[in-house]
Amino acid sequence: ASDAQRALDAGADLLHVDIMDGHFVPNLSMGPAVCGAVHHHLPEAVLDVHLMVSDPAAYLEPFAQAGANHLTVHAEVVDDPAAMVSRIHALGCTAGLAINPDTPVDVMIDAGEAFDLLLVMSVHPGFSGQRFIESVCEKTQALRSHFGPQAWIQMDGGVGPATAAQARAAGCNVLVSASAIYGADAPQAAISQIRGIA
Ligand code: ZN
């Protein structure tokens with residue numbers, strides 16, 4: 001809670017919560033209980049839950065009950081995107097669709113319209129602190145030109161002061177950083193640099 005509070009005090013707009021099931025990605029992270037604990041300590045914080053799991057439908061309700069404001073699911077494991085959006089909205093959350101670096105952007109262009117946010121992974125998901133994959137910028141550029149200026153286009157993975165300018169130039173307007181903020185001596189300066197206002 002104190003680390004999350006420090007990130008919010010430094011100017012973070014939301015808390016991005018990475019959920020890994022050890023199956024969709026080769027790592028385990030936290031479950032709804034930890035998300036609920038964060039919500040209990042920081043009830044005003046916007047919780048942006050990124051479900052890197054093989055069966056997202058099974059986790060929508062537990063995370064919504066744990067205080068999630070937003071739920072992002074992966075296109076690689078969603079058979080019926082429209083039904084998924086309806087289920088997420090029925091729980092009172094906004095809905096996001098994510099693609100991994102190896103997934104073609106066409107998948108998101110076909111299915112993305114109904115979603116509130118589009119997330120393009122800029123690392124292979126599973127571990128924090130990986131190097132930013134520059135070629136994914138072509139995908140976010142394509143999404144920006146297809147979905148227009150109002151779309152929320154998020155990039156996640158290896159985003160920090162050194163790479164954020166590329167992500168912003170490629171059409172992203174929601175940037176997720178972990179190590180670049182939590183590992184910074186001056187998180188406020190890191191966030192300003194990521195925003196491009198430093
Ligand atoms: Zn994430």
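Predicted model: local features only at pLDDT ≥ 70, side-chain atom pairs only at ≥ 80, totals over all residues.
Residues are numbered from 1 along each chain as its sequence is written. Local features need pLDDT of at least 70 and side-chain atom pairs count only at pLDDT 80 or more, whereas totals for chains, interfaces and linings use all residues; side-chain values use heavy atoms, without hydrogens and water.

The zinc ion is coordinated at 1.9 to 2.2 Å by His 16 (NE2), Asp 18 (OD), His 50 (ND1) and Asp 156 (OD). Donors here are N, O and S atoms within 2.8 Å of the metal (3.2 Å for Na, K and Ca). Along the chain, these donors have the spacing H-x1-D-x31-H-x105-D. His 50 belongs to strand β2 (residues 47-52) and Asp 156 to strand β6 (residues 152-156), so the pair ties together parts 106 residues apart in sequence. Strands (E, at least two residues) and helices (H or I, at least four) are DSSP runs, numbered from the N terminus. His 50 and Asp 156 are both buried, that is, under 20% relative accessible area (1.4 Å probe, protein chains only).

Ser 177 is located in the loop between β7 (174-176) and α8 (179-182). Its relative accessibility is 13%, so Ser 177 counts as buried. A polar atom of the Ser 177 side chain lies 2.6 Å from the backbone oxygen of Val 159.

The largest nonpolar core comprises 51 residues, and Val 49, Leu 51, Leu 71 and Val 73 have the most contacts inside it. Such a core is a set of buried Ala, Val, Leu, Ile, Met, Phe, Trp, Tyr and Cys residues joined through side-chain atoms within 4.5 Å. Another core, of 6 residues, lies apart from the largest one and includes Ala 98, Leu 119, Val 123 and Val 174.

How values were computed. Buried < 20%, exposed > 50% of the residue type's maximum accessible area, 1.4 Å probe, protein only. Polar contact = N/O pair within 3.5 Å; in protein donor to acceptor, adjacent residues only side chain to side chain.
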